[in-house]
Amino acid sequence: MFDEPRDGMLSLYAVNDLPQDQKLTYTVKNLTDGNLLSQGEINTQADASSKILSLPAFEDYAFLYVEWELEDGTAG
């Protein structure tokens, strides 16, 4: 999930509500202009939220799309 913009930055968090740690791969795209903004992997702790990244907040309208997948193949 994205947090509200603060100090010109927009932060993305992963929330792991499972009882075990999870490896997460992610991709963030700006669908307004088609640009890939970020992609990578992060290990999330059980029952915790983890900050994935911060991006500059957009002055113009942007529609951001986040794809994610857990190591067990669960995706969203």
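**Close-up views of a predicted model**

Searching the whole structure turns up 2 salt bridges, a salt bridge being a side-chain nitrogen of Lys or Arg within 4 Å of a carboxyl oxygen of Asp or Glu. This is a predicted model: local features need pLDDT of at least 70, side-chain atom pairs count only at pLDDT 80 or more, and totals for chains, interfaces and linings use all residues. Residues are numbered from 1 along each chain as its sequence is written, and side-chain values use heavy atoms, with hydrogens and water left out.

**View 1. Arg6 pairs with Asp3 in a salt bridge.** The closest N and O atoms lie 3.8 Å apart. Arg6 counts as exposed because its relative accessibility is 56%. Asp3, at 25%, counts as partly exposed. Here buried means under 20% relative accessible area, exposed over 50%, and partly exposed in between (1.4 Å probe, protein chains only).

**View 2. A salt bridge joins the side chains of Lys29 and Glu67.** The N to O distance is 3.8 Å. This pair links distant parts of the chain: Lys29 belongs to strand E2 (residues 22–30), Glu67 to strand E5 (residues 64–70), 38 residues apart. Strands (E, at least two residues) and helices (H or I, at least four) are DSSP runs, numbered from the N terminus. Lys29 is partly exposed at 31% relative accessibility. Glu67 is partly exposed at 31%.

**View 3. E2 pairs with E5 in the antiparallel sense.** The pairing spans 7 bridges; two strands pair if DSSP finds at least two bridges between them. Asn30 stands opposite Leu64 in E5.

**View 4. E2 and E3 form a hairpin.** Strand E3 covers residues 35–44. The two strands run antiparallel, joined by 9 bridges. Tyr26 sits opposite Gly40 in E3. Between the strands lie 4 residues. Gly34, in the turn, has a positive phi of about 85°.

**View 5. Leu31, Phe63 and Tyr65 make up a nonpolar surface patch.** Together they have about 290 Å² of accessible area, computed by the Shrake-Rupley method with a 1.4 Å probe; for residues, only the protein chains shown count as cover. Patches are made of residues with over 30% relative accessible area and no salt bridge; like charges are joined within 9 Å, nonpolar side chains (Val, Leu, Ile, Met, Phe, Trp, Tyr) within 5 Å. Phe63 lies in the loop between strand E4 (48–56) and E5. Phe63 is partly exposed, with a relative accessible area of 44%.
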